[in-house]
Amino acid sequence: MKRSALRVVVAFGGSAAAAIVGDLGSRRAPEIYDELDKPSWAPPAGAFAPVWSLLYATMAVAAWRLSRTGARTPLMLHGAQLVLNAAWPSAFFARRSRRASLTIIVALDVAVAAEIASARRHDRVASALLAPYLAWTLYATALNYAVGRSD
């Protein structure tokens with residue numbers, strides 16, 4: 001397989017794998033989300049699928065762009081944040097552990113912020129593509145915290 005094709009497969013495959021693992025951990029998410037005591041600023045359940053679809057796509061494009069630069073640090077951070085991203089739904093929805101899910105999502109925030117900072121030195125477009133993802137995870141962190149306080 002040509003190197004450029006392999007980069008595409010790895011970049012998009014990584015995002016797809018994180019999405020699939022996360023989906024497995026959130027099979028009952030719609031029912032659980034409806035039962036939660038959420039703040040007034042919580043999004044409707046129907047907002048999550050389109051937002052995450054767009055975010056996974058931009059994460060994959062960012063990873064592909066970074067793979068073309070040969071920069072190792074942002075790609076290692078990308079892998080780390082994908083693992084954390086995939087772990088969060090299981091902690092929040094399957095295990096219903098607000099403490100574990102909050103710990104994971106704070107680590108995710110840090111990993112994404114570090115990836116953005118590291119990526120900026122190698123590819124400003126890749127870094128910019130990750131900014132909405134960080135904004136969403138910070139929003140989700142606040143929501144995770146608010147829901148956890150009400151439990």
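User: Leaving aside its neighbours within four places in sequence, which residues is Asn144 in contact with?
Analyst: This is a predicted model, so read what follows as computed from it. Asn144 touches Trp88, Phe92, Arg98, Ser101, Leu102 and Ile105, once neighbours within four places in sequence are set aside.

User: Where does Asn144 lie?
Analyst: In helix 6, which covers residues 124-150.

User: Buried or exposed? I mean Asn144.
Analyst: Asn144 is buried. Its relative accessible area is 2%. The cut-off for buried is under 20%, so Asn144 qualifies.

User: Step back a bit. How many helices and strands does the chain have?
Analyst: Six helices and zero strands. Along the sequence the pattern reads α-α-α-α-α-α.

User: What share of the chain counts as buried?
Analyst: 41% of the 151 residues.

User: What about contacts by sequence separation? What part comes from residues 24 or more positions apart?
Analyst: Take the contacts with a separation of 6 or more. Residues 24 or more positions apart account for 76% of them.

User: Helix packing next. At what angle do helix 3 and helix 4 pack?
Analyst: About 155 degrees, with the axes 10 Å apart. Helix 3 spans residues 48-69 and helix 4 spans residues 72-94.

User: Parallel or antiparallel, for helix 3 and helix 4?
Analyst: Roughly antiparallel. The cut-off is over 145 degrees, so an angle of about 155 degrees puts helix 3 and helix 4 in that class.

User: Left-handed or right-handed crossing for helix 3 and helix 4?
Analyst: Left-handed.

User: Which residues meet there, helix 3 against helix 4?
Analyst: From helix 3, Trp52, Tyr56, Met59, Ala63, Leu66 and Ser67. From helix 4, Pro74, Leu75, His78, Gln81, Leu82 and Asn85. By class, the contact has eight nonpolar, four polar and no charged residues.

User: Now helix 4 and helix 5. What angle, and how far apart are the axes?
Analyst: Helix 4 and helix 5 pack at about 160 degrees, with their axes 8 Å apart. Helix 5 covers residues 98-120. Helix 4 and helix 5 are roughly antiparallel. Their crossing is left-handed.

User: How many nonpolar, polar and charged residues in the contact of helix 4 with helix 5?
Analyst: 16 nonpolar, six polar and two charged.

User: Switching to single residues. Glu115: buried or exposed?
Analyst: Buried, with a relative accessible area of 0%. Glu115 lies in helix 5.

User: What is Glu115 in contact with?
Analyst: Leaving aside neighbours within four places in sequence, Leu66, Pro74, Leu77, His78, Gln81 and Leu130.

User: How far apart are Glu115 and Ala80 in space?
Analyst: 9.4 Å, C-alpha to C-alpha. In sequence, Glu115 and Ala80 are 35 residues apart.

User: Back to Trp52. What are its contacts?
Analyst: Trp52 sits in helix 3. Neighbours within four places aside, Trp52 is in contact with Asn85, Tyr133, Trp136 and Thr137. Trp52 and Tyr133 are 81 residues apart in sequence, with 8.8 Å between their C-alpha atoms.

Definitions and conventions: Residues numbered from 1 in each chain as written. Predicted model: local features only at pLDDT ≥ 70, side-chain atom pairs only at ≥ 80, totals over all residues. Heavy atoms only, no water. Axes fitted to C-alpha atoms, helices over the stretch in contact; angles between N-to-C directions. Helix = DSSP H or I, 4+ residues; strand = E, 2+ residues; numbered from the N terminus. Parallel < 35°, antiparallel > 145°, perpendicular 65-115°, else oblique. Left-handed = near helix turned anticlockwise from the far one by under 90°. Contact = heavy atoms within 4.5 Å. Nonpolar A, V, L, I, M, F, W, Y, C, P; charged D, E, K, R; others polar. Buried < 20%, exposed > 50% of the residue type's maximum accessible area, 1.4 Å probe, protein only.
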